[in-house]
Amino acid sequence: MWLLAVLDHRSDFGDPARADADRRTVRRMASGDDGALADLYDRHARMLFSLALRIVREPSEAEDVLQEVFSQAWRQADRFDNARGTVVGWLVTVTRSRALDRLRRKRSRPEAPHGDQVATEMVDPSASIDLQLVTTEQAERVRVALAALPDDQRVPLELAYYEGLSQSEIAATLTVPLGTIKTRMRQALRRLRDALAGEAV
Amino acid sequence: MSDLFDHDALRALIPLHAAGVLSGSERTAVESHLAACAECAAEHRAHRPLAAALSQAVPQVDPPAALRESILAAARRDRSTARATPRPVSFAPWLAAAAMLLVSVGLGLYVRMLHERIQGLEGELREAIALVNDSQQRVAVAVRAAVDAQAPLAVLTAPDVRQINLAGQKVAPAASARAFWSRSRGVVFTAANLPALPTGRVYQLWFIAGKTPVSAGLLTAPDARGGMTTTLATPTDLPSPDALAVSIEPEGGVLQPTGDIYLVGAAH
């Protein structure tokens, strides 16, 4: 039916074959098959570990993050909601979220009284839950493009994505007006998007 | 809150939201705008791969070999304990809502309803009104006819359409569904991986406002692969739901849920 085709398309852009394999794996996990957990680990651990390491910077902490992520995936496999996103989107989201939590705990320790206020201002990684992986080539192009950005564009974006700072925190940290930060982040994202699409940056 | 942001201002924030770097009131404002504006929703989808690209555009490092075994060992230890234990119902509001549904299935009520079913639909409705004493419930059981072929499109393009995702419950962990609800135009309900129905049973959709489940109608039987889409007219005085749920019920539907809950989703 046309309607279902439309709805499927909404959630399955990207690589549906890979997303389907992940979904089947999670279903096996839900039935208690730890071999399926091993499969999921083998497929995604390197990418997730790299992301966690970039955020927490300590290999032992990145290992802890992965422990938590796969343990949560194992316990909640029976509750995985197809309709809401992809398995890898879930994994990336939880990994980034756990890693940022650790960073925030470390950061907020000195000024604990502000802890609550900071938490509400933090970026919310759950926005990425329906992501599909890009190809290795695309990721490499984006990495190169990110490194090639002028510092005034690259630094705000990195502070937001890999350090979890809100835009007003970034503005305060860099002593640049908030509006300028927004403009620069948009410029940075536009360049990365061009790089993703394969255009010269 | 969204008064602070007009369409153009929100549209400018879309790349930032898609990349997962927006916070606070801006994030909330973009999210509520996306639900209402098809143009911005399309723009947002086009920016989606940025979030993946940022998470992958970091130096790739292999995790230590011992981590794999340590994670698998923890899972094996966990299997015999945590997985066998029922989850606490207070985990999330919609789980609490599901629990409410189950609790509300008092035996006395069930017996009364079986009795009423013999009396036919009219008596059933009268008794329902007496039982629940809630005018919202008057609409409860009406078995709504499937509407014409244009209806799903009308719902999906309604200015007030809301999407509610439902997750499979213990009896059907692989099932999932999405509801698109517009107060003015009805609900389009589409599900996947629903178990086949035994003879004489039907799936019934419930809108749960507070603690009160109100029937939104009966769903068409799933196909061989467990998929189905049903469009239902909903009464315009339906309370704004906190959650949606699907239960299995005797053919013809019931006034209040009695069977296993197959799908639940929070409406917020």
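The exercises below work through a predicted model of two chains, each with a solution in steps.

Residues are numbered from 1 along each chain as written, and chains are lettered from A in the order in which they are written. As the model is predicted, local features need pLDDT of at least 70 and side-chain atom pairs count only at pLDDT 80 or more, while totals for chains, interfaces and linings use all residues.

**Exercise 1. Find where confidence is under 50 in chain A: which residues are concerned?**

Step 1. pLDDT is the predictor's confidence in each residue, from 0 to 100. Its mean over chain A is 79, and 77% of the residues reach 70 or more.

Step 2. One stretch with pLDDT under 50 is residues 1–14, where the model has 15 contacts beyond four places in sequence.

Step 3. Residues 111–122 of chain A also stay under 50, with 14 such contacts.

**Exercise 2. Classify A:Val155 and B:Val254: is each buried, exposed or partly exposed?**

Step 1. A:Val155 lies in helix H8 (residues 151–161) of chain A. It is partly exposed because 18 other C-beta atoms are within 10 Å.

Step 2. A:Met185 is 30 residues from A:Val155 in sequence, yet their C-alpha atoms are 9.0 Å apart in space.

Step 3. B:Val254 sits in the loop between strands E7 (243–250) and E8 (261–266) of chain B. It has 24 C-beta neighbours inside 10 Å, so B:Val254 counts as buried.

Step 4. From B:Val254 to B:Leu218 the separation is 36 residues in sequence and 9.6 Å in space, C-alpha to C-alpha.

**Exercise 3. Describe how H3(A) packs on H4(A): at what angle do their axes cross?**

Step 1. Axes are lines fitted to C-alpha atoms, for helices over the stretch in contact, and angles run from 0 to 180 degrees between N-to-C directions. The axes of H3(A) and helix H4 (residues 59–75) of chain A cross at roughly 140° and come within 9 Å.

Step 2. Angles under 35 degrees count as roughly parallel, over 145 as roughly antiparallel, 65 to 115 as roughly perpendicular and the rest as oblique. H3(A) and H4(A) are therefore oblique to each other.

Step 3. Residues of H3(A) that meet H4(A) include A:Leu40, A:Phe49 and A:Val56, and their partners in H4(A) include A:Val65, A:Phe70 and A:Trp74. The contact consists of 17 nonpolar residues, no polar and one charged. Here Ala, Val, Leu, Ile, Met, Phe, Trp, Tyr, Cys and Pro count as nonpolar, Asp, Glu, Lys and Arg as charged, and the others, Gly among them, as polar.

**Exercise 4. Examine where the chains meet: how many residues of chain A are in contact with chain B?**

Step 1. The contact involves 62 residues of chain A and 53 residues of chain B. Helix H3 (residues 34–56) gives the most to the side of chain A, with twelve residues. That side has 34 nonpolar, eleven polar and 17 charged residues.

Step 2. Helix H10 (residues 178–196) of chain A packs against helix H4 (residues 49–56) of chain B at about 90°, with axes 10 Å apart. H10(A) and H4(B) are therefore roughly perpendicular.

Step 3. A:Leu189, A:Leu192, A:Arg193 and A:Leu196 of H10(A) make this contact with B:Pro49, B:Leu50 and B:Ala53 of H4(B). Six of the residues are nonpolar, none is polar and one is charged.

Methods:
Contact = placed C-beta atoms within 7 Å. Helix = DSSP H or I, 4+ residues; strand = E, 2+ residues; numbered from the N terminus. Buried ≥ 20, exposed ≤ 12 C-beta atoms within 10 Å, placed from the backbone.
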